Amino acid sequence: AVIDIGKRIAAEKLTVFGVPTSLRTAMLAQQAGIRVLSSVTDVPIDWAFDGADEVDPQLNMIKGRGVMMLNEKINARRAREFVVIVSDDKLVDRLGSKFPVPVEVVPNAVPYVTAELAKLGGHSIEVRQSDKKYGPVITENGNVVIDVRFDSITPDYEVKIKSIVGVVESGLFVGAASQVLVVKTDGVHSLRLSAG
């Protein structure tokens, strides 16, 4: 998608500004001709675009397989419109049916947070390990990620998890998406919650 935006920038002589959520995306955006702004730049964000690991019928999501959920959630909340783009295999009836909930945690809080997640009904709780180096995955903020499964996830779990001391953010995105674009073999379909 970033490369396609770059093609339009070149062809149509557009000026596009972006606030990427990761260093990798920032570098790709810069190469594509997007003027990259720091996340601390105080400008309105019209649209935020991202993917998701799971999306339920209420458009609540689990995100964070790429460990950028904190920066992604900041941009999602700042944006006037948060549009999520997924393939149809990401649609689920119940959050947590395919993926665990990622939780970004300050490293020295891991034992405490693990115990507190278990009290919330969490199980299969693991510190995510890197497949590229020995040891845990480290976020761009210097934290670790704990993956936790729940048999049932209600919308209040986003706040419950976040209220545990040592938790920086969770991969639960409740009420964040204004629209979900679902890519299917017959085209792209738009999902929005109906008013009322």
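**Helices on an open sheet**

Colleague: At about what angle to S10 does helix H3 run?
Modeller: Helix H3 (residues 69-78) lies across S7, strand S9 (144-149) and S10. Helices (H or I, at least four residues) and strands (E, at least two) are DSSP runs, numbered from the N terminus. Angles, from 0 to 180 degrees, compare N-to-C directions of lines fitted to C-alpha atoms, for helices over the stretch in contact. H3 runs to S10 at about 65°.

Colleague: What pLDDT do side-chain atom pairs need?
Modeller: Residues count from 1 along each chain as written, and side-chain values use heavy atoms, without hydrogens or water. The model is predicted: totals for chains, interfaces and linings use all residues, local features need pLDDT of at least 70, and side-chain atom pairs need 80 or more.

Colleague: Which strands are the edges of the sheet?
Modeller: Four strands form an open sheet, S8-S9-S7-S10, with antiparallel pairing. Pairing takes at least two DSSP bridges between two strands. Those that pair on one side only are S8 (123-127) and S10 (167-170).

Colleague: Which residue in S10 is the bridge partner of Val105?
Modeller: S7 (residues 101-105) and S10 run antiparallel, joined by three bridges. Val105 has as its partner in S10 Val167.

Colleague: Is Asp147 buried or exposed?
Modeller: Asp147 is in strand S9. Buried means under 20% relative accessible area, exposed over 50%, partly exposed in between (1.4 Å probe, protein chains only). At 10%, Asp147 is buried.

Colleague: With which side chain does the Asp147 side chain make a polar contact?
Modeller: A polar contact is an N or O pair within 3.5 Å; within protein, one atom must be able to donate a hydrogen and the other to accept it, and sequence-adjacent residues count only if both atoms are side-chain atoms. Asp147 also touches (heavy atoms within 4.5 Å) residues including Arg65 and Glu126. At 2.8 Å, the polar partner is Arg128.

Terms used: Lists of a residue's contacts leave out its neighbours within four places in sequence.
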